Amino acid sequence: MIWFKNWLMGIVAAALAVSLAQAMTPEGPVRKVGRLVGGMVLLLAVARPLLRLEPAMTAMAQLPGTEVSQVRIEEGGEEMMKTLIAQKAGAYIVDKGSALGCVCAAKVTVATDDTGWPVPWQVEVLGNMTAAQQQALARAIAEDLAIPAERQSFREEDV
């Protein structure tokens with residue numbers, strides 16, 4: 001039960017740090033990026049037990065007849081994290097497109113960076129938008145999510 005207390009305290013500490021950072025962040029695009037980063041920090045704090053093997057899972061993996069392995073448990077946590085990051089990044093892109101006046105959908109691919117953390121890597125944006133809207137959205141994706149133009153694709157399609 002100590003791990004639960006530590007996990008909960010970690011979430012509370014992350015929430016306090018994110019709240020403090022939000023309060024000190026100026027209005028504008030910086031605040032939006034701060035919200036995205038803060039959301040990911042909170043997501044990491046909540047998903048932390050899934051990213052590492054807990055003692056109970058180790059004991060379960062050692063029981064005869066169980067099919068649970070440390071590698072599969074760690075992969076499951078990492079895959080869940082990648083899925084959540086892809087969903088959050090996709091929602092951010094759709095919101096950004098909506099703010100630019102277009103209706104779009106985004107499919108984000110997440111990969112592991114040099115440090116071992118999952119990050120948004122590639123995006124495919126579907127929707128009908130003008131060239132100016134597409135350029136503005138591509139710029140926002142590059143600046144806010146660090147996905148360069150060469151890993152962005154836009155396809156005209158009714159959403």
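Visitor: Asp144 and Lys96: are these two residues buried or exposed?

Guide: This is a predicted model: local features need pLDDT of at least 70, side-chain atom pairs count only at pLDDT 80 or more, and totals for chains, interfaces and linings use all residues. Residues are numbered from 1 along each chain as its sequence is written, and side-chain values use heavy atoms, leaving out hydrogens and water. Buried means under 20% relative accessible area, exposed over 50%, and partly exposed in between (1.4 Å probe, protein chains only). Asp144 and Lys96 are both buried.

Visitor: What N to O distance goes with the salt bridge of Asp144 and Lys96?

Guide: Side chains of opposite charge can pair when their charged atoms come close. A salt bridge needs a side-chain nitrogen of Lys or Arg within 4 Å of a carboxyl oxygen of Asp or Glu. For Asp144 and Lys96, the N to O distance is 3.9 Å.

Visitor: How many residues apart in sequence are the parts that Asp144 and Lys96 tie together?

Guide: Helices (H or I, at least four residues) and strands (E, at least two) are DSSP runs, numbered from the N terminus. Asp144 belongs to helix H5, while Lys96 belongs to helix H4 (residues 70-99). The pair therefore ties together parts whose separation in sequence is 48 residues.

Visitor: How many salt bridges does the structure hold?

Guide: Asp144 and Lys96 form one of them. Arg155 also pairs with Glu124. The total for the structure is three.

Visitor: Which strands hold Arg155 and Glu124?

Guide: Arg155 and Glu124 form a salt bridge, with closest N and O atoms 3.5 Å apart. The pair links parts 31 residues apart in sequence, because Arg155 and Glu124 lie, in that order, in strand E3 (residues 152-155) and strand E2 (residues 118-127).

Visitor: Which residues do salt bridges that share partners join into one network?

Guide: Arg155 also bridges to Glu157, again with closest N and O atoms 3.5 Å apart. Arg155 is partly exposed at 40% relative accessible area. Glu157 is partly exposed at 35%, and Glu124 is partly exposed at 24%. The shared partners make one network of Glu124, Arg155 and Glu157.

Visitor: Leu145 is in contact with which residues, leaving aside neighbours within four places in sequence?

Guide: Leu145 sits in helix H5 (residues 131-145). Its relative accessible area is 7%, so Leu145 counts as buried. Contact means heavy atoms within 4.5 Å. Beyond neighbours within four places, the contacts of Leu145 are Leu36, Ala89, Tyr92, Ile93, Pro120 and Ala140.

Visitor: Is Gln22 buried or exposed, and what is its relative accessibility?

Guide: Gln22 is part of helix H1 (residues 2-24). Apart from neighbours within four places in sequence, Gln22 touches Arg31, Gly34 and Arg35. Gln22 counts as buried because its relative accessibility is 17%.

Visitor: Which residues make the nonpolar surface patch of about 480 Å²?

Guide: Patches use residues with over 30% relative accessible area and no salt bridge, joining like charges within 9 Å and nonpolar side chains (Val, Leu, Ile, Met, Phe, Trp, Tyr) within 5 Å. Areas come from the Shrake-Rupley method with a 1.4 Å probe; for residues, only the protein chains shown count as cover. The patch of about 480 Å² is made by Trp3, Phe4, Leu8, Val12 and Leu16.

Visitor: What is the relative accessible area of Leu16?

Guide: Leu16 lies in helix H1. Its C-alpha is 10.0 Å from that of Leu42, a residue 26 places away in sequence. Leu16 is exposed because its relative accessible area is 58%.
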